[in-house]
Amino acid sequence: MTSSSRPHLATTAVHAGRGDLTDLGVHALPIDLSTTYPLPDVVAGGAAYDRMAGGGRPETGDPLVYARLWNPTVARFEEGVAQLEGGAEAVAFASGMAATTALLLARAAAGKPHVLAIRPLYGGTDHLLATGLLGTQVSYVHAEEVAEAITKRTGLVILESPGNPTLDLVDIAAVVRAAGDVPVVVDNTFATPVLQRPLEHGARVVLHSATKFLGGHGDAIGGVIVGDAEIAAMVRPIRAITGAILHPLAAYLFHRGLATLPIRVERQQHSATVIAAALAEHPAIRRVLHPSLPGQDPLGLIGRQLAGPGAIVAFEMMGGYEAALSVAKQVRLITHAVSLGGVDSLIQHPAGLTHRVVADEAKPNDGILRLSVGLEDPGDLLADLEQALP
Ligand code: PLP
């Protein structure tokens with residue numbers, strides 16, 4: 001690597017947000033748990049407050065005033081994610097849903113409450129949009145319908161790719177073209193920046209439930225938005241006003257998780273591909289959903305948008321709902337639990353749990369289970385599935 005070339009993602013994952021540690025004389029990431037900060041005087045405190053509450057970053061020497069506005073440990077994690085996604089800035093929230101909330105509130109406050117949403121989406125996101133709780137008016141559209149569905153009041157286009165739970169792939173660049181001036185938000189939770197960097201395909205905003213792969217260990221809840229300076233300035237005041245900033249201990253855990261993100265995703269994806277192929281041959285399974293399988297990348301996105309199929313697999317049982325519930329009950333090594341993206345494998349029933357709040361017409365088929373493949377040996381995971389399957 002020459003000093004001017006961009007480091008490989010694996011290197012960025014280890015070093016991003018740590019550039020000043022040697023100067024500080026420390027090796028591990030420092031954690032700042034202060035809720036409040038000493039003020040040199042009212043005027044300096046007030047000026048810093050205005051900068052941060054207004055959506056900006058503190059200037060060198062600014063007192064940080066109050067940790068709902070800014071936290072240095074959170075800012076380090078933000079720097080790490082921004083570098084991995086190739087964005088100018090990142091803003092971290094107490095959950096993925098808090099991050100989505102900030103985006104929706106920001107657009108509604110700007111007189112653009114209409115959102116185009118491409119299903120499937122995580123059930124919580126789908127539900128938040130459908131309720132209109134935040135003043136949002138949603139139109140659920142297919143990717144090809146985006147251009148014609150845009151109105152003067154459309155403030156966002158939201159999509160997931162791969163989508164939760166059925167791993168549908170969306171051509172981000174095509175949606176961006178159709179959306180024109182309307183910002184496209186890509187929930188990159190399933191792909192992670194290891195497999196897909198939506199900003200490179202024209203998306204304006206990347207969103208993560210950091211709870212999943214970024215953290216990777218199932219021990220912290222958080223969310224993050226990555227985008228340009230204008231996007232960051234739009235959501236930071238909402239984060240401050242609504243009290244949605246990520247806790248610094250969670251930021252520390254997420255930042256530590258980033259270092260192993262590439263190696264985890266690659267290994268988990270490899271195991272998921274092995275498992276998807278084996279399940280596709282099983283007589284008790286009607287169909288397996290994983291972008292590695294024939295016919296499941298109809299737009300040819302693997303290679304040009306997505307580096308690989310990812311570590312989440314869904315499958316539909318021949319025996320439908322009852323059979324799916326029985327498998328979820330009988331796994332032993334795999335944990336029957338919602339969430340995904342961690343080092344240990346989880347299985348859950350989307351129609352009954354993560355997507356139970358989705359309208360009936362968009363609810364996943366109730367014979368489907370979603371498996372998040374962890375770092376265990378794939379042979380051991382398959383053996384567990386074999387004994388749980390009818
Ligand atoms: N986006 C996706 C794709 C998810 O799977 C989830 C949660 O499962 C969320 C967003 C919401 O994130 P959180 O649970 O951190 O609020």
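In this predicted model, Ser95 is in contact with Ile221, Gly222 and Gly223, leaving aside residues up to four places away in sequence. Ser95 also belongs to the set of residues that surround the ligand.

**Ser95**
- Ser95 sits in the loop that runs between strand S1 (89-93) and helix H5 (96-109).
- A polar atom of the Ser95 side chain is 2.9 Å from the backbone nitrogen of Ala98.

**Ligand site**
- Around the ligand are Ser95, Gly96, Met97, Tyr122, Glu160, Asn164, Asp187, Thr189, Ser209, Thr211, Lys212 and Gly222.
- By class, this shell consists of two nonpolar, seven polar and three charged residues.
- A polar backbone atom of Gly96 lies 2.9 Å from an oxygen atom of the ligand.
- For Met97, a polar backbone atom is likewise 2.9 Å from a ligand oxygen atom.
- With Asn164 the side chain takes part: one of its N or O atoms is 3.1 Å from an oxygen atom of the ligand.
- On its own the ligand has 390 Å² of accessible area, and the protein covers 92% of it.

**Nonpolar core**
- The largest nonpolar core comprises 39 residues, and Phe77, Leu214, Leu246 and Leu261 have the most contacts inside it.
- Two or more residues of this core come from each of helix H1 (9-15), helix H4 (72-85), S1, helix H9 (192-195), strand S7 (223-227), helix H11 (248-279) and strand S9 (312-317).
- H11 supplies the largest share of this core, with six residues.

Methods. Residues numbered from 1 in each chain as written. Predicted model: local features only at pLDDT ≥ 70, side-chain atom pairs only at ≥ 80, totals over all residues. Heavy atoms only, no water. Near = heavy atom within 4 Å. Polar contact = N/O pair within 3.5 Å; in protein donor to acceptor, adjacent residues only side chain to side chain. Areas by Shrake-Rupley, 256 points an atom, 1.4 Å probe, with all protein chains shown as cover. Nonpolar A, V, L, I, M, F, W, Y, C, P; charged D, E, K, R; others polar. Helix = DSSP H or I, 4+ residues; strand = E, 2+ residues; numbered from the N terminus. Contact = heavy atoms within 4.5 Å. Core = buried A, V, L, I, M, F, W, Y, C linked by side-chain atoms within 4.5 Å. Buried < 20%, exposed > 50% of the residue type's maximum accessible area, 1.4 Å probe, protein only.
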